[in-house]
Amino acid sequence: MIQVNVKQGFDLAGFHYQVESDDKVDAELRSEQRYGSTSYTEQTVSIASDFGAEQYHDTFCHECVETINVVLCDGKIKHSDVKNISHGLAQIFKSLGVQFVYEDK
């Protein structure tokens with residue numbers, strides 16, 4: 001399995017989105033009962049790091065689709081469809097031997 005470290009973030013529509021995963025993010029997300037969130041004004045994606053590699057990969061894919069939906073589709077995709085699309089993408093990447101991770105290097 002190829003592990004792709006997302007710590008450096010990603011670019012979308014001329015913006016760079018930083019990915020954050022640490023104890024502070026974990027506490028904030030846990031208080032909201034969420035695995036991840038995206039701030040479109042700050043261009044940050046926050047993903048809980050205390051749920052394991054599989055959940056991290058799935059949540060990263062989900063937050064990427066959420067970001068695409070808001071930035072490129074004006075939020076027109078229903079959340080249930082975002083969930084289905086992101087779940088499908090996560091499966092496709094895994095079947096290709098790619099897993100998204102967050103590692104300090």
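R34 counts as partly exposed, at 40% relative accessibility. In this predicted model, R34 forms a salt bridge with E32. The closest N and O atoms of that pair are 3.9 Å apart. E32 also counts as partly exposed, at 44% relative accessibility. Side chains of opposite charge can pair when their charged atoms come close. The count of salt bridges in the model comes to four.

A further salt bridge joins R30 and D50, with the closest N and O atoms 2.2 Å apart. This pair links distant parts of the chain. R30 lies in helix 1, and D50 lies in the loop between strand 5 and helix 2. The two residues are 20 residues apart. R30 is partly exposed, with 46% relative accessibility. D50 is partly exposed as well, with 38%.

The side chains of K94 and D58 also meet in a salt bridge, at 3.1 Å from N to O. Here too the pair links distant parts of the chain, with K94 in helix 3 and D58 in helix 2, 36 residues apart. Salt bridges that share partners join E54, D58 and K94 into one network. K94 counts as partly exposed because its relative accessibility is 25%, which falls between the limits of 20% and 50%. D58 has a relative accessible area of 24% and is therefore partly exposed.

Helix 3 spans residues 79–95 and contains I85. I85 is partly exposed, with a relative accessible area of 39%. Together with L89, I92 and L96, I85 makes a nonpolar surface patch of about 350 Å². S86 is placed in helix 3 too. Is S86 buried or exposed? S86 is buried, because its relative accessible area is 4% and buried means under 20%. Neighbours within four places in sequence aside, S86 is in contact with C61, H62 and V65.

Strand 1, residues 2–5, pairs with strand 6 in the parallel sense over four bridges. Within this pairing, Q3 has Q99 of strand 6 as its bridge partner. Strand 2 and strand 3 run antiparallel and are joined by three bridges. L12 stands opposite F15 in strand 3. Strand 2 and strand 3 form a hairpin, with two residues between them. Strand 3 is also joined to strand 5 by three bridges, and these two strands run parallel. The bridge partner of V19 in strand 5 is V45.

In a regular strand the side chains alternate between the two faces of the sheet. Strand 6 gives an example. V98 and F100 point one way from strand 6, whereas Q99 and V101 point the other way. All four are buried.

The largest nonpolar core has 14 residues. Which of them touch the most other members? They are V6, F10, V19, V45, I47, F60 and F100. Five elements are listed as giving two or more residues to this core: strand 2 (10–12), strand 3 (15–20), strand 5 (44–47), helix 2 (53–73) and strand 6 (98–101). Helix 2 gives the most, with four residues. The contacts of F10 can be followed one by one. Residues up to four places away in sequence are not counted, and F10 touches F15, H16, Y17, V19, V45, F60 and C64.

Backbone angles come next. Most residues other than glycine have a negative phi. Q33 has a positive phi of about 55° although Q33 is not a glycine. Q33 is found in the loop between helix 1 (23–31) and strand 4 (36–39). Q33 is exposed, with a relative accessible area of 76%. D74 is not a glycine either, and has a positive phi of about 55°. The place of D74 is in the loop between helix 2 and helix 3. D74 is exposed, with a relative accessible area of 60%. A13, in the turn of the hairpin between strand 2 and strand 3, likewise has a positive phi of about 55°.

K24 is placed in helix 1. At 58% relative accessibility, K24 counts as exposed. K24 and A90 are 66 residues apart in sequence, and their C-alpha atoms are 25 Å apart in space.

Note on methods: Residues are numbered from 1 along each chain as its sequence is written. This is a predicted model: local features need pLDDT of at least 70, side-chain atom pairs count only at pLDDT 80 or more; totals for chains, interfaces and linings use all residues. Side-chain values use heavy atoms; hydrogens and water are left out. Patches are made of residues with over 30% relative accessible area and no salt bridge: like charges are joined within 9 Å, nonpolar side chains (Val, Leu, Ile, Met, Phe, Trp, Tyr) within 5 Å. Accessible areas come from the Shrake-Rupley method with a 1.4 Å probe; for residues, only the protein chains shown count as cover. Buried means under 20% relative accessible area, exposed over 50%, partly exposed in between (1.4 Å probe, protein chains only). A nonpolar core is a set of buried Ala, Val, Leu, Ile, Met, Phe, Trp, Tyr and Cys residues joined through side-chain atoms within 4.5 Å. Contact means heavy atoms within 4.5 Å. Two strands pair if DSSP finds at least two bridges between them.
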